[in-house]
Amino acid sequence: MKCFVDYASASDGGAVAAAIFDISGTIFAIAAAKTVVKSPLHGELEALRFGFNMAAQLGVDVGTFYSDNQTVVKAFSERSSPHWLMHFAFNRILTLVDNGNVGVCWTSRKNNMAAHSLARWGLSHDCNGLLWFWEVSPHVLTKLLVSV
């Protein structure tokens with residue numbers, strides 16, 4: 001399975017999202033949640049942690065997590081926190097990566113539209129975890145139903 005994650009922010013807060021696809025590229029699960037973070041980079045880390053938590057909650061084996069944030073992906077490939085203020089949050093997620101034997105890879109924003117659209121949707125809706133398809137707006141659904 002693959003999990004695409006993203007963070008979106010607005011003046012009054014932020015939201016993280018995860019879109020999990022099965023081996024055939026069909027959507028398996030979607031999730032979004034409000035979050036409070038100190039910076040957009042911290043938000044991207046939280047999105048990755050959120051994706052791990054959703055996969056664990058569902059009991060699915062995700063082989064690769066995708067983010068459109070190059071700084072976060074580079075930090076995981078170098079195994080070094082992207083900023084000293086995020087050291088502890090980064091190390092918690094790095095432990096999950098190591099224990100789960102999974103990859104963290106970069107993807108373009110275009111290929112991450114499912115998670116990006118969900119995170120943007122989460123900014124203006126009540127959400128805190130797994131979602132049913134009928135809970136999200138039709139314009140978000142069109143981004144979700146494109147196989148990856």
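A: Quick housekeeping. This is a predicted model, where local features need pLDDT of at least 70, side-chain atom pairs count only at pLDDT 80 or more, and totals for chains, interfaces and linings use all residues. Residues are numbered from 1 along each chain as its sequence is written, and side-chain values use heavy atoms, with hydrogens and water left out.

Now the helix. Helices here are DSSP runs of H or I with at least four residues, strands are E runs of at least two, and both are numbered from the N terminus. Helix 3 has 14 residues and spans 20 Å from first C-alpha to last, close to the 20 Å expected at 1.5 Å a residue (the expected span is 1.5 Å times one less than the number of residues).

Its buried residues are A89, F90, I93, L94 and V97 (buried is under 20% relative accessible area, exposed over 50%, partly exposed in between, with a 1.4 Å probe and protein chains only). Looking down the axis of helix 3, those buried residues fall within an arc of 130°, so they line one face; the arc is that of the directions from the helix axis to the C-beta atoms. On the face turned away from the buried side you'll find exposed F88 and N99.

The buried residues of helix 3 pack against helix 1, helix 2 and strand 5 (103-106).

Zoom out a bit and you reach the largest nonpolar core, with 30 residues, in which L48, F65 and F76 have the most contacts. Such a core is a set of buried Ala, Val, Leu, Ile, Met, Phe, Trp, Tyr and Cys residues joined through side-chain atoms within 4.5 Å. Helix 3 (87-100) supplies at least two residues of this core, as does each of strand 1 (2-10), strand 2, strand 3, helix 1 (40-58) and helix 2 (70-78). Helix 1 gives the largest share, eight residues. Apart from this core lies another, of 20 residues, including I30, Y66, A114 and C127.

The two ends of helix 3 are worth a glance too. In the loop between helix 2 and helix 3 sits R79, a non-glycine residue with a positive phi near 60°; R79 is partly exposed, at 46% relative accessible area. Just after helix 3, N101 has a positive phi of about 50°.

As for the sheet, strand 2 (residues 13-21) runs antiparallel to strand 3 over eight bridges, where pairing takes at least two DSSP bridges between strands. A17 has A32 as its bridge partner in strand 3, and A32 also stands opposite G129 in strand 6. Seven of the nine residues of strand 3 (residues 27-35) are buried, so the rest of the structure largely encloses it.

Methods. Contact = heavy atoms within 4.5 Å.
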